[in-house]
Amino acid sequence: MSGRLSGVATVFRRELATVVRTPGYGVLAVGLLVALGGLLAAGGGGATGFVPAVVDLLLPTEALVPLVAVVLGYRALLTDTASGELAVIRTYPVRVGEYVAGVLLARLVALVAAVGVPYAVIGAVVWLTAAPDTGIFATHTGVDSPLLYVRFLAFVLLLGAAYVSLAAAVSALAASRRSAIALGSLALVAGVLGGDLVLLRSLAGGASPTTVPASIALAPNGAFRGLVFEHVIGVAFAPEGGFVSTPRAVASLVGWTLLGAVVAGATLAYGRRVDATVERVRRGIGD
Amino acid sequence: MSDGPVASLSEAARTYGGVRVLDDVSLDVEPGVTAVVGPNGSGKSTLLRILVGATEPTAGEVRYPGATGAKPIGYLPQRVPFRDGFTARETLAFYARLVDDDPDAALERVGLGDAGDKRVEALSGGMRRLLGIAQAGLGDPSLAVLDEPASGLDPGMRERAFRAAARRAAGDTAVVVSSHALDLVDAHADRVVILRRGRVAAAGPRDRLLDEHGAADVSELYRAVIGESGASPGETDTGDGTEGDGEREDRDGEGDEDAEPDVHVTGVSDR
């Protein structure tokens, strides 16, 4: 294994071991499973098929998955920074980029476990228990398939990855656990509601509704929702899509993920230099 | 043994919140044990953090002309920072994998061979510190920087920690320790740097400094340079691994006494 990959793999192993030994993350996954099960039972869609189940889960997913992802990521990089262990790690031949990549990859694996498994269990339950419901199928023109649910799950994980990465950036920027919680909450609210509010404001300001498919994809939640409508729900009842530009939506989710990683890496790599520069300026003003 | 310095600080300065905690420090770190002593708030930890690159100086520069290898610098922070939930062996194994070293051999070197399966949070303060020293020595660095390796330990453990640190200073390896344990500095240090209010008050080979100040040992030298008001710096040792004043935590994990230069503890600080 090359040096860089070895550094990433070593950090990844340590971070994954930390996640596995943190019981709270298991509780989080169980809580998500219970919440999803409850929502499905209340909505009734799970009893009739995958697409109705997705319809029931779509809106809660836009809040629950970002929430779980932020919980998984908001302390990812803060732990070593706050304890002082990052200063020790940086005396070893592992670059900041490798360190961030290792931590982030481990947190993404944790996301797959904490979010992917509950959603997969729900999918399995729907598969085993759903019975045809004429009324619901009439609504959805009769197309249903486990493949649609697999697509939904993939989009869920893409959405979660974007929020884990953004939360990791928050954890690099935060000075303490308290500020990480505050910044993480802010990122969560901005991510979940911000895109839609901006879109509504632009429409109210006279923007053409034809721009919606393009602009909705810019925010992570809008991109996710668009993809689910385009490739899961829309498949069942609309021969023509047009809810969102698929390449743009996928690029948006991947882009948010990369942005989080880059911000986290840059913060750790240049934070000390920026801090020293601020001190120089402060000293210069004081003198 | 190499003639040149392993590391070199040139007119290094650092401020926190506009307050100068280290000022115009120039220093060559040569092979052997260099002890940095001084009252609380004198800038010891900041100096060491600048030396290892953990803190960026606001002025001046640090160079490493003699620090070579895959891991040129080993560092033990004042507060040993290892993650809970991992055993001592697992903790060292993480670092050892980064430099292809043997964690068990490192544990043996500091006398923790039998404690490898203990979780970090179950280790005593002294054992954690020894674990930190073992970590700092992984990869055989040319420069080992140990911030208070003997802090908060009982006499036997202090001696053991210092001996483990001094053993590293063989050949071309330079070991820099900050300490309030002047008896151990006297026993193990080749060179002494005395800081006062962020500046170097005296620096050089221990024997030369003792001669110049007519001191019998480092404690007398310390009193001669810092003055009686400086008292014995060891008086602040609270026994829990932390210093008696000025603990400040900032985002870079810089829990050091140097960040609050104006703290006054009667009979301890020189202010």
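Please look at chain B. Strands S3(B) and S8(B) run parallel and are joined by four bridges. Some terms before I go on. Two strands pair if DSSP finds at least two bridges between them.

Now the housekeeping. This is a predicted model, in which local features need pLDDT of at least 70 and side-chain atom pairs count only at pLDDT 80 or more, while totals for chains, interfaces and linings use all residues. Residues are numbered from 1 along each chain as its sequence is written, and chains are lettered from A and ligands numbered from 1 in the order in which they are written.

Back to S3(B), which covers residues 32-37. S3(B) also pairs with strand S7 of chain B, residues 174-178, in the parallel sense and over five bridges. Take Ala35(B) as an example. Its bridge partner in S7(B) is Val177(B), and in S8(B) the partner of Ala35(B) is Val192(B).

Is S3(B) mostly covered or mostly open? Six of its six residues are buried, so the strand is mostly covered. Buried means that 20 or more other C-beta atoms lie within 10 Å of the residue's own; 12 or fewer makes it exposed, in between it is partly exposed, and the C-beta atoms are placed from the backbone.

Glu11(B) is not a glycine, yet its phi is positive, about 50 degrees. Glu11(B) sits in strand S1 of chain B, residues 7-16. Glu11(B) counts as exposed because it has 12 C-beta neighbours inside 10 Å. Arg197(B), also a residue other than glycine, has a positive phi near 50 degrees. Arg197(B) is placed in the loop between S8(B), residues 191-196, and strand S9 of chain B, residues 199-205. With 19 C-beta neighbours inside 10 Å, Arg197(B) is partly exposed.

Now a helix of chain B. H2(B) runs over residues 88-99, twelve residues, and spans 17 Å from its first C-alpha to its last. That is close to the expected 16 Å, where the expected span is 1.5 Å times one less than the number of residues. Ten of the twelve residues of H2(B) are buried, so the helix is largely enclosed by the rest of the structure. Among them are Phe94(B), Tyr95(B) and Arg97(B). After H2(B) comes Asp100(B), with a positive phi near 55 degrees.

On to chain A. It has twelve helices and zero strands. Buried residues make up 46% of its 287 residues. Its C-alpha atoms fill a box of roughly 75 × 50 × 35 Å along the principal axes. Two residues are in contact if their C-beta atoms, placed from the backbone, lie within 7 Å. Of the chain A contacts with a separation of 6 or more, 81% are between residues 24 or more positions apart. Ala101(A) lies in helix H6 of chain A, residues 96-129, and is buried because 21 other C-beta atoms lie within 10 Å.

How do the chains meet? The contact takes 27 residues from chain A and 29 from chain B. On the chain A side, H12(A) gives the most, with nine residues.

Then the core. A nonpolar core is a set of buried Ala, Val, Leu, Ile, Met, Phe, Trp, Tyr and Cys residues joined through C-beta atoms within 7 Å. The largest one has 162 residues, and Val54(A) and Val145(B) are among those that touch the most other members. Helix H8 of chain A, residues 146-173, supplies the largest share of this core, 18 residues. Leaving out residues up to four places away in sequence, Val145(B) touches several residues, including Leu48(B), Ile73(B) and Val176(B).

Last, confidence. pLDDT is the predictor's confidence in each residue, from 0 to 100. Chain A has a mean pLDDT of 88, with 92% of its residues at 70 or more. Within chain A, confidence is lowest in helix H7, residues 134-139, at a mean of 45, and highest in H5(A), at 96. Where pLDDT is low, the predicted coordinates should not be read in detail.

Notes: Helices (H or I, at least four residues) and strands (E, at least two) are DSSP runs, numbered from the N terminus.
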